[in-house]
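These are my notebook entries on one structure. I set down what I looked up, entry by entry.

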Amino acid sequence: MADASEDGRGAVTERVRELVEALRAAPAIEQFRAAQERFRADTELGRMQAGLRWSHERLQRAQQEKRHDPRLFQEVRDAQARLQRHPLVVDFVEARQAAQDLLRETNQEMATILGIDIGGSVGRAGGCC
Amino acid sequence: MTTMQATAADPTAAALERARALACAIGESAPFRAFEAAQEALQADADLGSRLSAFQVREQELRLSRSWGGADPEEVRALEREWEDLAKHPVLAAHLAAREGLASLLREVAGQISEGVGLDYGAACAPAGGCC
């Protein structure tokens, strides 16, 4: 079996490790990771997410049983709106956007050299749900 | 100020510098070089190129028919057989293998970056296709 360093994979792995280290030191990624941590650690937010899941499940059940209940729709929409307005969620979404922008910039730098869009070739169209 | 000093003072510039170093390492790797060679061989084979173009035109036509619900199953099977035949061509087979080899390396790279930063690299860089 060929040595990984022989076919250049060893060097690639090492450069990836250095890139990850540098990315983690960049403000956009640092702020994203901090926002993600606050998001995950917040118990109130956890309860709001659980509440939204519960409302959503009730809505799905009602739809499966062909019951049309506008109050359930409204309940889900209200719970989503409350979550989207929560300051930690607002911070998280903004920080994630900035972090994704940096990853796209990184990808663009590499594409300029290689002529290959790495992220685009492995990625899928980013849905939101 | 030297480039090194500039990137040391600016972590974002340092990350982009690392990205360029990674791109160079990928460019020197065996999977990338094999892909480039296979790509050149494919472009140099005019006969194979015209067979591939004709195949792609038929595939596109069939995809359109399928989207309208009018694809003839017999035609679909014929096209599949044609692809099996084409894929046996040594130049195309080598190209497909080289492409998969490079794709596998790039998936590994993207996976390691995703894991390291806690964000899906591919999803962040893919063209926007949001649902909302």
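**Conventions.** I took helices (H or I, at least four residues) and strands (E, at least two) as DSSP runs, numbered from the N terminus. I worked from a predicted model, in which local features need pLDDT of at least 70 and side-chain atom pairs count only at pLDDT 80 or more, while totals for chains, interfaces and linings use all residues. Residues are numbered from 1 along each chain as its sequence is written, and chains are lettered from A and ligands numbered from 1 in the order in which they are written.

**Chain A, overall.** I found six helices and zero strands in chain A. Read from the N terminus, the order is α-α-α-α-α-α. I called a residue buried if 20 or more other C-beta atoms lie within 10 Å of its own, exposed if 12 or fewer, and partly exposed in between, with C-beta atoms placed from the backbone. On that criterion 19% of the 129 residues of chain A are buried. I counted two residues as in contact if their C-beta atoms, placed from the backbone, lie within 7 Å. For chain A, 62% of the contacts between residues at least 6 apart in sequence join residues at least 24 apart.

**Ala28(A).** I looked up this residue in helix H2 of chain A. Ala28(A) has 22 other C-beta atoms within 10 Å and is therefore buried. Neighbours within four places in sequence aside, Ala28(A) is in contact with Ala98(A), Ala99(A), Leu102(A) and Thr12(B).

**Chain A against chain B.** I noted 45 residues from chain A and 42 residues from chain B in the contact. On the side of chain A, helices H1 (9-25), H2 (27-41), H5 (87-114) and H6 (118-122) each supply at least two residues. I sorted residues by class: Ala, Val, Leu, Ile, Met, Phe, Trp, Tyr, Cys and Pro as nonpolar, Asp, Glu, Lys and Arg as charged, and the others, Gly among them, as polar. The side of chain A that touches chain B then has 24 nonpolar, eleven polar and ten charged residues.

**H1(A) with H2(B).** I used axes that are lines fitted to C-alpha atoms, for helices over the stretch in contact, with angles from 0 to 180 degrees between N-to-C directions. The axes of H1(A) and helix H2 (residues 11-28) of chain B come within 8 Å and cross at roughly 165°. Angles under 35 degrees count as roughly parallel, over 145 as roughly antiparallel, 65 to 115 as roughly perpendicular and the rest as oblique. H1(A) and H2(B) are therefore roughly antiparallel. The residues of this contact comprise 15 nonpolar, no polar and three charged. Within H2(B), I list as buried, among them, Leu16(B), Glu17(B) and Ala23(B).

**H1(A) with H6(B).** I found H1(A) packed on helix H6 (residues 90-117) of chain B at an angle of about 30°, with the axes 9 Å apart. That makes the two helices, H1(A) and H6(B), roughly parallel. The residues in contact include Val12(A), Val16(A) and Leu19(A) of H1(A) and Leu105(B), Val109(B) and Ile113(B) of H6(B). By class, this contact has nine nonpolar, two polar and two charged residues.
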